[in-house]
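This report looks at salt bridges and at one pair of packed helices. Please view the sequence and the structure first.

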Amino acid sequence: GGGGGRGQGQGHGHGHGHGGRGDATALLSRALGRALLLVAVPTVLLALNQLRVRNCAPLEGLAFLALGPGIGVLLAALFGLFWGAALPHPRLALALAALTPVASDAWGLIQFWRTPAIFVFDPFAGWFPGTLYDEDVGLPPALLTYRAFTLAWLGAASLAFAALWRDGRLRPAALLASRRLTVCAVLLLTAGLVGRSVGVELGHRTAPEAIWEALGATHEGERCVIHVPRELSRAQRRRLLEDCDFRVANAERMLGVVQTERVHAYFYRDAEEKRRWMGAGSTYIAKPWRAEVHLQLRGWPHPVLAHEVVHVVAGNAARGPFRVSGTWGGWLPNPGFIEGIAVAVEWPDADGMTPHEWARALREIEGPRPGTHRLPPLSELLGLGFLRHPARDAYASAGSFVRWALDTKGAEAVRQAHAAGNATALGADLGALEREWHAFLDTVSLDERQLALARLRFSGSSIFTTTCPHVLARLRRDLGADLAAGDDRGILRTCEAILSIDGGDLSARLARVGALARRGAREDAEQEIALLESGAPPPLVAAAQERLADALWLAGEREAARELYARLLALPQSDDELRGRELKRVALDEGGPFARLVRDLLVGPDGRGTSAPLAVHLGHEITRAREDGLGAYLVARQLAANERFDLALPLFSVAEERGLPDERFIDENLRLWATAAYAEGDLTLAETLFERARERPALVHRAEDWLSRIAWAKSRPRL
């Protein structure tokens with residue numbers, strides 16, 4: 001836009017000076033040609049940069065340039081031409097020409113502020129997708145239709161100028177004398193107006209009412225309003241609404257603030273529907289200034305709802321129009337504080353580890369330079385440098401620091417620091433705070449298993465340092481489709497494409513092992529595993545060995561599979577993974593019908609897993625084949641995953657009474673049993689079970705969160 005303004009000024013001066021003997025076509029050609037020259041310069045520089053940095057999608061990049069600044073500068077130059085022709089003062093014309101695209105961008109920012117959308121379509125800028133962490137971004141159809149209507153506006157304005165320009169001036173009376181040009185301009189103007197009128201339907205903008213209609217159901221609670229798909233059952237809607245109400249109340253309690261208006265929680269059917277209506281596909285979004293959160297359905301309790309709700313509630317301790325942590329009165333966001341406070345209050349538990357354990361592990365993992373660790377320095381973490389680090393590193397570290405500050409400095413100090421966008425309100429300079437925090441982290445204990453899990457968790461890189469992140473995101477989506485289809489040939493082909501861009505992509509290596517093994521290329525699969533063993537985290541090596549063992553079992557090589565399962569159990573891995581792999585080994589040890597049932601349940605007849613209805617049937621068959629509670633546990637687990645807690649509840653009790661194979665199964669059965677009891681409204685049973693769970697090391701963090709929820713639920717009427 002600004003560059004377009006300079007081109008406009010030059011076109012204006014030339015045309016105005018020679019308007020008496022030049023015609024409109026020549027004037028338009030000169031103005032638009034000089035505008036295109038401004039686009040050509042950076043385009044050539046970007047093309048030359050491919051000699052230095054790999055570009056995986058140059059044609060897509062050219063398309064973005066053409067549909068963004070390419071059309072934008074043409075429109076800006078045309079506005080400059082009109083201003084220059086209409087005003088007798090060149091400096092005023094130049095100023096207005098430069099301000100026109102700026103004003104348009106400002107209007108786009110206003111639309112970002114006043115609607116649920118995080119994307120913005122603008123005549124000059126083109127398209128801003130909004131989210132930074134969503135790697136799967138391509139050319140959307142909405143951009144093509146938007147630019148088609150922009151070209152209609154551009155054509156209408158060009159024809160109107162040609163019709164009006166006479167003897168070096170714009171003469172309204174000339175419109176009647178240039179009937180063809182005028183009629184064509186009116187037709188193109190009409191097309192542009194039609195495009196504007198159907199902008200919501202075409203995805204150029206959005207409106208809350210349109211989203212409400214698309215989802216189909218809205219329900220109000222004490223602290224939240226939820227907008228959900230109409231096909232959800234009454235029980236599912238009640239649980240989501242209660243979940244949101246609790247998360248608001250819990251965030252208020254921890255931060256010492258009051259959320260004065262209801263939080264609107266939008267639950268979309270899937271990522272594509274969310275992308276269509278508000279712009280973010282894979283990324284979950286909160287708009288604190290609108291008291292909104294946008295998520296796709298992912299079961300109950302929703303795993304991300306708590307995090308996003310904190311963003312809204314923390315807005316009560318922020319400044320500026322966006323109600324987020326930031327300097328300059330909240331106008332310059334501080335992503336470290338924004339995400340850190342959300343993680344600190346949500347306090348997620350993954351693999352039995354909280355952000356304190358993850359941050360402690362980052363201090364043990366070697367950094368990019370010898371003698372350094374992976375934990376980001378506070379000077380980068382609490383600022384825009386947050387975005388330079390891989391998301392998992394940055395979120396866990398910022399969450400650990402803010403939680404430590406909440407526990408040691410108090411909620412008021414954290415609120416002040418959050419509002420100011422810097423750590424000075426915490427009572428010490430950044431260096432002293434970092435030393436205190438690191439000293440605390442050094443008291444957090446880790447075992448080898450936890451450190452191995454951390455090495456796997458933090459093996460990714462930032463989107464800003466990844467080569468071709470958008471292409472990789474699409475390839476990984478294709479890989480997911482190949483895996484779902486059981487297309488081993490396609491899996492190998494997609495893995496090759498991924499590895500040609502990122503040779504260290506561990507998920508592609510893992511998928512390649514499984515595909516090679518299922519196709520009978522055991523030696524090639526073992527070579528891939530050997531490559532992983534030379535540098536990959538042990539949990540990933542265990543996963544690769546499991547893929548090979550699964551393929552051997554399907555091929556009838558039961559003894560080789562059993563030996564491999566037994567070996568991989570010695571590697572560090574999560575409790576969830578250990579449960580399944582231990583069950584496979586036990587099944588192969590026992591043999592008979594039980595082994596076949598477990599293979600069909602955990603591996604699937606063709607290696608693609610098992611559907612939920614078939615899993616329930618196989619669980620019932622296991623109940624008949626064994627006297628312990630394993631079958632009842634497996635059936636109950638499937639029912640709970642599909643939110644039939646009423647059917648699952650008695651089966652968890654049966655599983656405990658009959659006994660389970662080991663402590664990991666006992667822990668998981670207890671956790672799911674207590675969750676089902678809460679879902680069915682039996683708060684007394686849920687509290688009893690979670691009190692028991694709190695005594696078990698693997699469940700202590702989750703149990704404390706649930707006990708807090710139960711105390712809240714007892715203090716209010718049930719929905």
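Which residue forms a salt bridge with Glu 582? The partner is Arg 585, with the closest N and O atoms 2.6 Å apart.

## Basis of the model

This is a predicted model, in which local features need pLDDT of at least 70, side-chain atom pairs count only at pLDDT 80 or more, and totals for chains, interfaces and linings use all residues. Residues are numbered from 1 along each chain as its sequence is written, and side-chain values use heavy atoms, with hydrogens and water left out.

## Salt bridges

The structure holds 54 salt bridges. The term means a side-chain nitrogen of Lys or Arg within 4 Å of a carboxyl oxygen of Asp or Glu. Glu 582 and Arg 585 lie three residues apart in helix α26 (residues 575-590), and are therefore separated by about one helical turn. Helices are DSSP runs of H or I with at least four residues, numbered from the N terminus. Glu 582 and Arg 585 are both buried. Buried means under 20% relative accessible area, exposed means over 50%, and partly exposed lies in between (1.4 Å probe, protein chains only).

One network, joined by salt bridges that share partners, takes in Glu 546, Arg 547, Asp 550, Arg 581 and Lys 584. Within it, the side chains of Arg 547 and Glu 546 meet at 3.9 Å, N to O. Glu 546 is buried at 11% relative accessible area. Arg 547 is partly exposed at 30%.

Helix α23 (residues 522-533) holds another pair, Glu 526 and Arg 522, four residues apart and so about one helical turn from each other. Their salt bridge spans 3.1 Å, N to O. Glu 526 is partly exposed at 35% relative accessibility, and Arg 522 is partly exposed at 34%.

## Packing of α29 and α30

The axes of helix α29 (residues 630-641) and helix α30 (residues 645-658) come within 8 Å and cross at roughly 155 degrees. Axes are lines fitted to C-alpha atoms, for helices over the stretch in contact, and angles run from 0 to 180 degrees between N-to-C directions. The two helices are therefore roughly antiparallel, a term for angles over 145 degrees. The crossing is left-handed: the near helix is turned anticlockwise from the far one by less than a right angle.

Contact means heavy atoms within 4.5 Å. From α29, the contact includes Tyr 633, Val 635 and Leu 639. From α30, it includes Phe 645, Leu 651 and Phe 652. The residues of this contact divide into 13 nonpolar, no polar and one charged. Ala, Val, Leu, Ile, Met, Phe, Trp, Tyr, Cys and Pro count as nonpolar, Asp, Glu, Lys and Arg as charged, and the others, Gly among them, as polar.

Key: Angles under 35 degrees count as roughly parallel, over 145 as roughly antiparallel, 65 to 115 as roughly perpendicular and the rest as oblique.
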